[in-house]
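Thanks for making time, everyone.

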Amino acid sequence: MIGIIIMAIGGLLAIIGSLGLIRFPDVYSRSHAQTVVNVGGVCLMLVGVLVDQFFSEFFVKSLFLIILIFVTSPVATHAITKAAYLSGIKPNVIVDHWKKPPKR
Amino acid sequence: MYEYIVYLLAIAAILCMVRFIKGPTLPDRVIAIDAMSSLVIGIIVLLSLYFRNSLFLDIAIVYAILTFIGNLAISKYLMGKGMHEE
C-alpha cells in the first residue's frame with residue numbers, strides 16, 4: 001500500500017512537471033521542468049515499485065533502471081541546452097557569461 | 001490498482017504532446033519528446049507489474065538507453081548547425 005501511494009505521488013509530480021513544460025516561457029526553464037518529469041516523476045514512481053515488490057526480480061531491474069535514469073537524464077538535458085545555446089537561442093537573463101565579446 | 005497511475009502518466013504525456021505541437025524551436029520539441037519517452041518508460045514498468053511478467057522491464061531498460069543515445073545525436077546535430085552561422 002505504501003508503494004502504491006509513492007507511485008501516485010510520482011504520477012502527480014509528472015503532471016506538475018508537464019504543466020510547467022507548457023507554462024514556462026523559455027527553452028532553458030522548460031528544461032528545468034522536464035527534469036522534474038524525469039527525476040521527480042518517473043524515478044519516484046520506480047522507488048514506489050521498489051517498495052511494492054520487495055526482493056523479487058522486479059526489484060533488481062527497477063533498481064538498475066533508477067540508476068540508469070539518474071545518470072543519463074542530466075547528461076542529455078545538459079547536452080541539449082548547450083546545443084540550444086550554441087545554435088543561437090538567447091536566454092532571457094540579465095548577465096550572460098557565455099556571450100562573446102564584440103569584434104573590433 | 002496500477003491502472004490509475006497509468007492514467008496519471010497518460011495525462012502528463014498528453015500535456016507534453018501539447019508542448020511538442022506548439023513548440024516554436026527545435027530544442028523545445030526535443031525536450032518534450034524526452035519527457036514523453038521517460039513517461040513511456042514508467043508506463044512500461046506499470047504494464048509489467050499489471051501482467052506479472054518481468055520481461056517488460058528489459059524493454060524499458062533498452063528504451064532508456066536508446067532515448068539517451070538519440071538525445072545526444074540530436075544535440076550534436078544542433079551544435080553543428082550553430083557553428084556554421086558564425
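So, start with Ala79(A), which sits in helix α3 of chain A, residues 57-86. Helices here are DSSP runs of H or I with at least four residues, strands are runs of E with at least two, and both are numbered from the N terminus. Before going on: this is a predicted model, where local features need pLDDT of at least 70, side-chain atom pairs count only at pLDDT 80 or more, and totals for chains, interfaces and linings use all residues. Residues are numbered from 1 along each chain as its sequence is written, and chains are lettered from A and ligands numbered from 1 in the order in which they are written.

The cut-offs are 20 or more for buried and 12 or fewer for exposed, with partly exposed in between, counting other C-beta atoms within 10 Å and placing C-beta atoms from the backbone. Leaving aside residues up to four places away in sequence, Ala79(A) touches Asn71(B), Leu72(B) and Ser75(B). Touching, or contact, means C-beta atoms, placed from the backbone, within 7 Å.

Now look along that helix. Ala79(A) and Phe58(A) are 21 residues apart in sequence, and their C-alphas are 31 Å apart in space. The whole of α3(A) has 30 residues and spans 44 Å from first C-alpha to last, close to the 44 Å expected at 1.5 Å a residue. That expected span is 1.5 Å times one less than the number of residues. Buried residues in α3(A) include Phe58(A), Leu65(A), Ile69(A) and Ile80(A). After the helix comes Gly88(A), with a positive phi near 110 degrees.

What does α3(A) pack with? Helix α2(A), residues 27-52, at about 175 degrees, axes 9 Å apart. So α2(A) is roughly antiparallel to α3(A). By class, that contact has 18 nonpolar, 8 polar and no charged residues. For the classes, Ala, Val, Leu, Ile, Met, Phe, Trp, Tyr, Cys and Pro are nonpolar, Asp, Glu, Lys and Arg are charged, and the others, Gly among them, are polar. Axes are lines fitted to C-alpha atoms, for helices over the stretch in contact, with angles from 0 to 180 degrees between N-to-C directions. On that scale, under 35 is roughly parallel, over 145 roughly antiparallel, 65 to 115 roughly perpendicular, and the rest oblique.

Over in chain B, α1(B), residues 2-22, and α2(B), residues 26-51, have axes that come within 9 Å and cross at roughly 165 degrees. That makes α1(B) roughly antiparallel to α2(B). Their contact has 18 nonpolar, 1 polar and 4 charged residues.

Next, the loops. Phe55(A) is in the loop between α2 and α3 of chain A, and its phi is positive, near 55 degrees, in a residue other than glycine. Phe55(A) is exposed, with 8 other C-beta atoms within 10 Å. In chain B, Arg52(B) is in the loop between α2 and α3, with a positive phi near 55 degrees. Arg52(B) is exposed too, with 8 other C-beta atoms within 10 Å.

Last, the interface. How many residues of chain B are in contact with chain A? It's 38, meeting 40 residues of chain A. α2(B) gives the largest share of chain B's side, 13 residues. That side divides into 26 nonpolar, 7 polar and 5 charged.

Notes:
Two residues are in contact if their C-beta atoms, placed from the backbone, lie within 7 Å.
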